[in-house]
Amino acid sequence: MIGPDLPALIPFIYLAFAVLIPLAGLWKRELSYGLAVLGTGLASAFSLAGFINYLSGGETIRYLFGGWQPPIGIEFVYDGLAAFVILVINTVAFLVLIHSRHIATAEFPHKKIAYYSVTMLLMLGFNGMVLTGDLFNLYVFLEISSLSSYALIAIGEKRAAYSAFRYLIIGTVGGSLYLLGVGFLYTVTGTLNIIDMHEMLPQVLGNSAVITALVLMVIGIGIKAALFPLHGWLPDSYTFASSSSSALIAPIGTKVAAYVLLRVLLFLFGAEIINADLPITEIIGVLAGIGILFGSVMAIAQSELKKMLAYSSVSQIGYIIMGISLANPFGFIGAVLHILNHALMKACLFLVAGNLRLKEGHSNILEFDDSYRKKYPWTMAAFTTAALSMVGLPPLAGFFSKWYLALGTIDNSNWFLLAIILISSLLNAVYFFRIIEKIYLKNPAKENESTGTDIPRDEVKPSMLYPMAIMALALIAVGILNVYIVSAITTMFPAGF
Amino acid sequence: MEISYIPLFAVLVSLAAVPFILLSGKKPNLREFWTVLAGVVKFLLVLSLLPGALEGKVVELTLFEIAPNLPLKLSVDTFGVFFALIASGLWIFTSFYSIGYMRGHGEKKQTRYYASFAICLSSTIGIAFSGNLLTFLIFYEMLTIATYPLVIHNESKEAISAGRKYLAYTLTAGLLLIAALGVTYSITGTLDFKAGGIFGDVELTKTMAVTLFMLFLGGVGVKAGIMPLHSWLPSAMAAPTPVSALLHAVAVVKSGVFAIIRVVGFVFGPDVMANFGLNEILMVIAGITIIVASLLAFNQDNLKRRLAYSTVGHLSYIVLGAAMLTPLGLTGSIMHIATHATMKITLFFCAGAIYVNLHKQNISSLNGIAKVMPWTMAAFTIGSLGLAGVPPINGFVSKWYLASGALQGDMIVPVLILIISGFLNIGYFFPIIHRAYFKKGGEELSKYGEASPFMVVPLMGTAVLSVIFGMFPDLFFHFFDMATSIASSVFNPQ
Amino acid sequence: MLDFFMGHYAYWFTIIILAIGLYGMLMKRNLVKKVIGLSIFQAGVILFFVSIASKHGASVPVKDAALPVSDVANYMNALPHTLMLTAIVVGVATLGVAFALLVAIYNRYHTLDEQELLEKIQ
């Protein structure tokens, strides 16, 4: 069933739809939404098939472009980890795009065609980044996804264009630094293929070019992943972008960057080489830890739901990067599981923010009250589920990534990071329970006796409700069934674990 | 070991009642019928596990692995049945009492109340039957969340701030517990409860053992109300009285002490405890808590808050008994879980009945109420005498064994603490009884009568139970036999 | 010491160009000048790649009948050059997006001065 062409097929679907959508849009504008959903749907179906194939004992598929053998040719490497991440990002994108219909009509009715076409390019970039086995090719896909995300972020509120511009400047610098790092590695190894280079690196160990390259690449990818203190672009971008854009980019974008960091650190270099000259993993771990606390504290200070979620992303991405920096099996499991969990949680929460913006016209936390619960019972239930999962209450999904991360820190006897995981869970609880308390308990009628009438139910449309509900249910399912996912992840370990 | 699905059903039955309760929100009678039905079924299911537990059999049910090598496991040992029996049995009383209280008081959002209550009970039974620490943690956190809506039930400012305080304490505790579990798992590779402890073969350093124990204590100590982690409990008295009665005198706080005994007897084990002096830490904390809480109880004019401080003190009796590390002490400690439950629930029921009937919640305004509410005050007297340790009420039995346990371990201080605390108990309960019986009440009392039978019958019931179990501790449920066999299993593990 | 500097002069040039680009992005208030800085920064990276491809006494990587391909010392490394063709394309696309954003910003706020812009946004 699964052909050897699968790795190329999935990005190709996006490429084809990116062209198809403007063409079909010439004929009928409304088609763009359907085509975008169809495209992501197809891609997620193929990713699912590929992942099932991997689970049932499938080998790593290495797709060689033009038939050129690596290291001369470019290849796509569809191994377990890539299959898993591809599945996560495509499925989340599928659900988010289903949800986007009414938001697109309300927020940017005349830009639909462009919007959906660019989302396809964005997903092309992300899929390419995950799949490629070539460092320069990775840069190209990185830029494709980045350019698309600048465009998507610019579609939004008044301030969106300026925050997109800032992101563009910072993001391009990040990309360039990454490229510079690749250049240094190329000078010492003469190859760009990740697998090939991994075999050569031990021979050039101690060369100052390697350590320079490593630092440059970590900074470059760190900017994309919003690793503290390189996160400055993120909060504004996510806040002022259209609800659909932020729901698409927030759960996926930084995750893919974190995945690239994981590839570079653990698959390309490997824990021993990274730490040969400088304790890079420890530095990254400490930065991630500070980022976790910083993001959580800033999230508490926000009164705008989307901005709060954006800062929460800074903190959550810290978990993933912390897991990578632990460079042990539990840390790896925690990081990869958190890629899934956080994608689901953050997408679900951003969809809730989108629903509120559409219905109420704002998402200002201070104005939340218990009429929301009456008007949107299911939206609020989904929010509560995702929030509890973010806090890390068992048996929801969020608990288990924290559990494995905690085990990872204990394995390394890294009590500092263990304390950070615990403290940050508490901070998460503060900013989420603050909202939960408002939507279930704050009763304006009590303070102001005049409005005592019953508030009718006014739930969002099914196309917005179901994607969100599926994610909330998935959080429960992933939590309870996480052992199956984890046992799959244990087959994805990089060499040396 | 045998496999049975009864424990699972026992856990799930009240959870299964939740949809029915929610769906019949518009028909109060039907809704409350579901609650009572779930309570009775749950109690019978737990009861059916009793004969096996008395023979020392362990019923296990491994559901599925929730993390590699860490299954979601229910394992019903004697201790589990003991605790589950108390919680589910008293839930039936509380269900009836709730009907009287909530209707008598005209509370809003009763559907949410009954639904949360049912989830709480599921979690409590889950805690009782947890076969390993991870399963325990899951139910423990579930209990935290399910109790929250009950604490903030009346949605006043006071209740909301009590809710915040409650969450702050319990969620922090949950995190410490996660850390403790992680460390335990990485040291021992298992999280199963085992009579006599799981650290048997592991070399521990003193620092490690003390740190780990403090993490555990921080984790479960909040619900057990040990000082200085107790202060959420008096604030949580903002909840409706049935909640205070069942959850804050029985289910939630007893989960805390249940967990402490689990940690002492089934995770660390008496040997490790003694080797590293962990029992001394625990004993000092418990002793201080007992005395200080009893003294603080004097200060409270609000009846429920006084009862809450009394609860804090009595929970530490149980902790103290566990810390003695003697079989008799542990027996007394386990017995006190049962005896304090029946007595304190009686007292809370009384406080609620007085509140609903007379709208009085301050002790200073209780003058002469024994004339209008003779049954309630009779029950209250039984309960408070029992807590002070007067025979033949069951509080005496557990105190007797606690004291014997201390002497068995050649310890005098715990005995002194118990005696002093007994006097303090009399000291803070006597004024209430004195006012009720001997002071003359105001004129307005004459227009009131006894509270609704929905409340009076349950509170009399629990009071009578206290007396019966005081005279015949082994009647019906063999509580005493169970306590002895749990204690001997901890000290003489197979 | 001098040898160290002279021996790596291509690197120093790269670093200087990167620094100029970074200066433009950070210090200039005008958004267009920031984009110019960005472009210079990218050019620095491109020049770096081109410089690492060079060899002493080698020709440009265009096939010449006089120089046999079998001897790799005859030609510069072609790969970095081709990579940089792609990077230049990426750079152009980035400039395109950047200028599109600037147009949008200008249409909304009628200024491209960062200070004024921030004041208008507040």
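Buried residues make up 24% of the 122 residues in chain C; a residue counts as buried if 20 or more other C-beta atoms lie within 10 Å of its own, as exposed if 12 or fewer do, and as partly exposed in between, with C-beta atoms placed from the backbone. This is a predicted model, in which local features need pLDDT of at least 70 and side-chain atom pairs count only at pLDDT 80 or more, while totals for chains, interfaces and linings use all residues. Residues are numbered from 1 along each chain as its sequence is written, and chains are lettered from A and ligands numbered from 1 in the order in which they are written.

Let's stay with chain C for a moment. Its secondary structure is five helices and zero strands, where helices (H or I, at least four residues) and strands (E, at least two) are DSSP runs numbered from the N terminus. Along the sequence that reads α-α-α-α-α. The radius of gyration of chain C is 20 Å, whereas a compact globule of 122 residues would come out near 14 Å; the radius is taken over C-alpha atoms, and the globule rule is 2.2 Å times the number of residues to the power 0.38. Along the principal axes, the C-alpha atoms of chain C fill a box of roughly 65 × 40 × 15 Å. As for contacts (two residues whose C-beta atoms, placed from the backbone, lie within 7 Å), take those in chain C between residues at least 6 apart in sequence: 44% of them join residues at least 24 apart.

Now for chain A. Here buried residues make up 63% of the 497 residues, and residues 24 or more positions apart account for 80% of the contacts with a separation of 6 or more. The C-alpha trace of chain A spans about 80 × 60 × 45 Å along its principal axes, and its secondary structure comes to 21 helices and two strands.

How far can you trust chain A? The mean pLDDT (the predictor's confidence in each residue, from 0 to 100) is 86 for chain A, with 97% of its residues at 70 or more. One stretch to watch is residues 447–452 of chain A, where pLDDT stays under 50 and the model has three contacts beyond four places in sequence. Where pLDDT is low, the predicted coordinates should not be read in detail.

Next, how do the chains meet? On one side, 22 residues of chain A are in contact with 25 residues of chain C. Helix H5 (135–154) and helix H6 (160–189) of chain A are the elements that give two or more residues to that side of chain A, and H6(A) gives the most, with 13 residues. By class, the side of chain A that touches chain C has 15 nonpolar, four polar and three charged residues; Ala, Val, Leu, Ile, Met, Phe, Trp, Tyr, Cys and Pro count as nonpolar, Asp, Glu, Lys and Arg as charged, and the others, Gly among them, as polar.

Ala151(A) is buried, because 23 other C-beta atoms lie within 10 Å. Leaving aside neighbours within four places in sequence, Ala151(A) is in contact with Val118(A) and Val97(C).

Chain A also meets chain B: 21 residues of chain B are in contact with 23 residues of chain A. S2, helix H5 (133–151) and helix H6 (157–188) of chain B each supply at least two residues of that side of chain B, and the largest share, eleven residues, comes from H6(B).

Finally, two helices inside chain B. Helix H1 (residues 6–23) of chain B has a kink of about 40° centred on Leu12(B), the bend being the angle between axes fitted to the seven residues ending there and the seven starting there. The buried residues of H1(B) include Val11(B), Ser14(B) and Val18(B), and the buried residues of H1(B) pack against helix H2 (28–54), strand S2 (59–67), strand S3 (70–76), helix H3 (78–105) and helix H4 (110–129) of chain B. Helix H15 (residues 394–408) of chain B reaches 21 Å from its first C-alpha to its last, close to the 21 Å expected at 1.5 Å a residue, with the expected span being 1.5 Å times one less than the number of residues. After H15(B) comes Asp410(B), whose phi is positive, near 55°.
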